[in-house]
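Hi,

Here is the structure I promised to pass on. Have a look at it first, then read on for what turned up.

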Amino acid sequence: MAEFDVIVIGAGPGGYVCAIRCAQLGLKTAVVEGRETLGGTCLNVGCIPSKALLHASHSLHEAEHNFARMGLKGKAPSVDWPAMLAYKDEVVGQNTKGIEFLFKKNKITWLKGWGSVPAPGKVKVGDEVHEARNIVVATGSEPSSLPGVTVDEKVIVTSTGALVLPKIPKTMVVIGAGVIGLELGSVYARLGTKVTVVEYLDAITPGMDGEVQKTFQRLLKKQGLDFIMGAAVQGATVKGGKAKVTYRLRKDDSEAVLDADCVLVATGRKPFTDGLGLGALGVEMEPRGQVRTDAHWQTNIKGIYAIGDAIAGPMLAHKAEDEGMAVAAVIAGRHGHVNYGVIPGVIYTTPEVATVGKTEEQLKEEGRAYKVGKFAFMGNGRAKAVFQGDGFVKLLADKETDRILGCHIIGPAAGELIHEICVGMEFGAAAEDIALTCHAHPTFSEAVREAALACGDGAIHS
Ligand code: NAI
């Protein structure tokens with residue numbers, strides 16, 4: 001009998017969730033993790049620490065810009081950067097220790113070290129080889145590199161370095177107007193850094209609904225972020241602790257240079273599968289470097305599965321978690337299911353941006369007959385009370401059947417509001433189902449209902 005039923009390689013949101021579910025389903029489970037703490041990129045150097053800094057910097061922004069409007073007088077607080085970083089580290093620590101507790105509770109073995117797969121059914125960690133009936137590769141992703149730009153994590157940083165800068169830079173160039181660039185760019189802009197975002201495409205957040213992209217960029221500009229669009233970064237150099245970033249404008253091929261105290265490279269991430277030995281085993285890969293899996297997350301080698309950022313699909317913690325739970329079910333002989341059509345995406349700026357399902361652009365491209373219900377947060381009393389009347393909810397529904405096809409929100413608590421629509425979509429809801437559901441007043445959620453009403457006889461407050 002093998003030592004373990006399952007060995008999961010990687011303790012990020014995909015891996016640790018998979019392990020907990022495996023244990024709950026009665027499988028003897030181990031997780032290989034080489035970091036000092038559990039939780040992977042997300043908990044240690046990604047989602048969680050960035051949210052702590054977003055919260056802290058947003059609170060400062062509120063104090064500077066909105067307190068006086070509410071009759072709260074007095075000087076805005078000053079920033080104690082080391083203390084802010086310590087708060088962020090404390091939040092990270094609480095979360096990573098929480099996973100350790102869950103591992104103990106579920107009797108999951110933590111094999112400390114970096115794992116590799118010397119043969120099917122075998123996982124090597126340090127000098128020890130462990131046996132498992134099933135192996136789940138959940139090794140995540142790492143920042144992708146940019147030609148001509150050498151990351152030193154001091155002056156030229158990835159998201160990892162951006163979370164531990166020794167001091168708040170006066171100027172920062174962000175390469176890439178994707179999720180990471182805009183979230184961390186927002187943090188530093190609120191803390192007083194002059195942030196310039198250089199983006200290759202003509203719109204920010206590629207793949208998002210076009211109207212959301214435009215509103216989002218306008219609101220970020222209002223917050224002080226500068227954008228240089230249609231610009232391909234050619235390289236970056238560091239001299240005397242300062243950086244020079246060279247970019248070429250696509251429209252006329254002209255070149256220009258930006259000086260900055262810090263450069264954040266946020267041009268995407270790539271699967272992290274180095275050192276696993278998958279190539280030697282003959283595990284098939286996708287052309288873009290992801291592990292290839294079938295509909296049950298199994299690779300072409302029986303008993304070796306892969307999930308999360310290491311395989312195709314959106315690089316999102318919750319997508320990895322869903323796959324983790326599903327693959328655990330499959331291994332336990334049950335049915336595992338992930339609905340890839342209903343995976344929300346959230347950007348945790350202020351306002352938040354949240355999206356699920358098809359964009360209007362996608363529906364047009366598919367030649368689908370659809371209707372749009374849109375409601376501006378300006379018509380939502382609760383949003384106005386907290387100075388967040390910017391933005392809107394846009395609901396897309398099938399023109400004939402009224403079935404919800406997608407939803408795009410920019411505004412207060414968008415990342416929470418989107419889930420009403422996710423649940424609706426899972427149940428095959430029509431816009432009318434949302435419109436006929438009583439929503440408490442006064443809540444931001446009323447804006448979602450109003451957008452649903454706008455798909456029918458019309459919103460009330462617009
Ligand atoms: P991204 O793929 O979201 O955006 C990268 C941007 O860089 C694109 O707009 C691209 O056009 C631009 N770019 C690429 N090369 C360039 C060049 N040479 N010059 C100028 N611009 C260039 O990647 P990002 O922001 O690094 O995020 C990586 C992954 O992490 C994404 O899949 C994202 O979904 C995920 N993530 C998700 C978060 C969330 O859900 N809130 C938070 C942070 C990351």
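Where domain 1 meets domain 2, 18 residues of domain 1 are in contact with 15 residues of domain 2. Keep in mind as you read that this is a predicted model. If you want to find the two parts on screen, the domain assignment puts domain 1 at 4-143 + 270-331 and domain 2 at 156-267; it also gives a domain 3, at 345-454. The centres of domain 1 and domain 2, taken over C-alpha atoms, are 27 Å apart.

How much area do domain 1 and domain 2 bury between them? The answer is about 1,400 Å², with 70% of it on carbon and sulfur atoms.

Between domain 1 and domain 2 you'll find one salt bridge, and Lys51 and Glu183 are a pair whose side chains meet in a salt bridge, at 2.9 Å from N to O. Five residue pairs are in polar contact between domain 1 and domain 2. As for which elements do the touching, helix 3 (47-65) and helix 4 (81-105) are the ones that give two or more residues to the side of domain 1 that touches domain 2. Helix 3 provides the largest share of that side, ten residues. Sorted by type, the residues on that side of domain 1 come out as ten nonpolar, five polar and three charged.

Next, the ligand. It has 23 residues around it, and the closest are Ile180, Glu199, Val233, Gly268 and Val346. The side chain of Glu199 has an N or O atom 2.6 Å from an oxygen atom of the ligand. Val346 uses its backbone instead: an N or O atom there lies 2.8 Å from a nitrogen atom of the ligand. Ala266 also has a backbone N or O atom 3.4 Å from an oxygen atom of the ligand.

One last thing to look up: how many salt bridges does a search of the whole structure find? It finds 22. Among the salt bridges is the one between the side chains of Asp209 and Lys394, again with an N to O distance of 2.9 Å. This pair links distant parts of the chain, 185 residues apart. Asp209 is in the loop between strand 10 (194-198) and helix 7 (210-222), while Lys394 is in strand 21 (residues 392-398).

Cheers

Conventions: Residues numbered from 1 in each chain as written. Predicted model: local features only at pLDDT ≥ 70, side-chain atom pairs only at ≥ 80, totals over all residues. Heavy atoms only, no water. Domains from an automatic or database assignment. Contact = heavy atoms within 4.5 Å. Buried area = accessible area lost by both parts, 1.4 Å probe. Salt bridge = Lys/Arg side-chain N within 4 Å of Asp/Glu carboxyl O. Polar contact = N/O pair within 3.5 Å; in protein donor to acceptor, adjacent residues only side chain to side chain. Helix = DSSP H or I, 4+ residues; strand = E, 2+ residues; numbered from the N terminus. Nonpolar A, V, L, I, M, F, W, Y, C, P; charged D, E, K, R; others polar. Near = heavy atom within 4 Å.
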